[in-house]
Each structure stands twice: as C-alpha cells, then as structure tokens.
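Visitor: I would like to learn how to read a model of this kind, one feature at a time. Could we begin with the aromatic rings and then move on to the other features?

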Amino acid sequence: MENHLIFTKKVFEQLAERNLSSGQPKVLEYLKEHDGSVQKDIAIACKIEPATVTSLLIRMEKNGLVQRKLNNENRKYLNVFLTEKGEEEVTHVEKAFTTIENTALCNFTDDEKEQFIKYLERVNNNLKRV
C-alpha cells in the first residue's frame, strides 16, 4: 500500500499544474486506447464505481477534456471521446507515469523488471480468485 500511495502522490506532483483530480488520469489513459467507450466499460476497466465515473466525466466534460455523445445504435448509452485538450492531457499523464516508473525501477535490470511484472501479475491473479 505504501508503494501505491507514494507512486500516486509522485504522479500527482508531476501533474500538479494540470488540475486533474483523482481518477481522471487513468480515465484519460484508458480513453487514449479505447476512444468512444461507454461509461460502463470505462468503470470496469478503471476499477471505478459507475456513479464515480459519471461524476468524473461530468467534470472532465466541463473542463473540455472529453465529449459525450449519444450512441446512434442504442440511445440509452453515451460514448465518451477525448477532445483535443484531452489528448494533450494524456501526453502529460503518460510522461508522469513513465517518469515515476523509471524512477521506481532505476536500479533494476531489464530481466528483473520483467520478472517483477510477472510476480505482480501472479499476485493480482491470486487476489482476483479470492
């Protein structure tokens, strides 16, 4: 938990002048790879409650980071798209994540990094089964 807290704190230090709130960086990063997703899929992928995603997206839309549009095939769904400003913010988010990751793993060889990721994946899978 301490590592997670430190990592998150350092990321937000890097993003301080970007005015992003908790949860927004991972939503931006997800949308970079899945632009046009529905809110339900964003919630599942980012491990955020659907109601929280709704409030995050409302703020993000007000700040010009995303645009929500009615789905043409099913009008009860809204698809979420990055705006130009949102795409610019993703660049800053990725840079912050990369900087902190590189700092955290600076004394690791490539093989150690690979092994470490495999260990974390195993821990994650074990916990999901419980």
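Guide: Two rings of Phe, Tyr or Trp count as a pair if their centres lie within 6.5 Å, and the angle between their planes then sorts them: under 30 degrees is stacked, over 60 is edge-to-face, and the rest are tilted. This is a predicted model, and the structure holds 2 aromatic pairs.

Visitor: Is the pair of Phe 7 and Phe 97 stacked or tilted?

Guide: The ring centres of Phe 7 and Phe 97 are 6.3 Å apart and their planes stand at 20 degrees, so this pair is stacked. Because Phe 7 lies in helix α1 (residues 2-14) and Phe 97 in helix α5, the pair ties together parts that are 90 residues apart in sequence.

Visitor: How do the rings of Phe 108 and Phe 116 stand to each other?

Guide: The centres of the Phe 108 and Phe 116 rings are 5.8 Å apart, with the planes at 50 degrees, so that pair is tilted. Phe 108 is partly exposed at 33% relative accessibility, and Phe 116 is partly exposed at 34%. Phe 108 belongs to the loop between α5 (84-104) and α6 (110-129).

Visitor: Which residues form the nonpolar patch on the surface?

Guide: A patch gathers residues with over 30% relative accessible area, and nonpolar side chains are joined within 5 Å. Here Phe 108, Phe 116, Ile 117 and Leu 120 make up a nonpolar surface patch that together has about 340 Å² of accessible area.

Visitor: What should I look for in the backbone angles?

Guide: Most residues other than glycine have a negative phi. Asn 19, although not a glycine, has a positive phi of about 60 degrees; Asn 19 sits in the loop between α1 and α2 and, at 64% relative accessibility, counts as exposed. Lys 47 likewise is not a glycine and has a positive phi, of about 55 degrees; Lys 47 is found in the loop between α3 and α4 and is exposed at 66% relative accessibility.

Visitor: Is Gly 36 buried or exposed, and what does Gly 36 touch?

Guide: Gly 36, in the loop between α2 and β1 (37-38), has a relative accessible area of 14% and is therefore buried. Leaving aside residues up to four places away in sequence, Gly 36 touches Asn 79, Val 80 and Phe 81. The C-alpha atoms of Gly 36 and Val 90, which are 54 residues apart along the chain, are separated by 15 Å.

Terms used: Residues numbered from 1 in each chain as written. Predicted model: local features only at pLDDT ≥ 70, side-chain atom pairs only at ≥ 80, totals over all residues. Heavy atoms only, no water. Patch = residues over 30% accessible without salt bridge, like charges linked within 9 Å, V, L, I, M, F, W, Y side chains within 5 Å. Areas by Shrake-Rupley, 256 points an atom, 1.4 Å probe, with all protein chains shown as cover. Salt bridge = Lys/Arg side-chain N within 4 Å of Asp/Glu carboxyl O. Helix = DSSP H or I, 4+ residues; strand = E, 2+ residues; numbered from the N terminus. Phe/Tyr/Trp six-rings, centres within 6.5 Å; stacked < 30°, edge-to-face > 60°. Buried < 20%, exposed > 50% of the residue type's maximum accessible area, 1.4 Å probe, protein only. Contact = heavy atoms within 4.5 Å.
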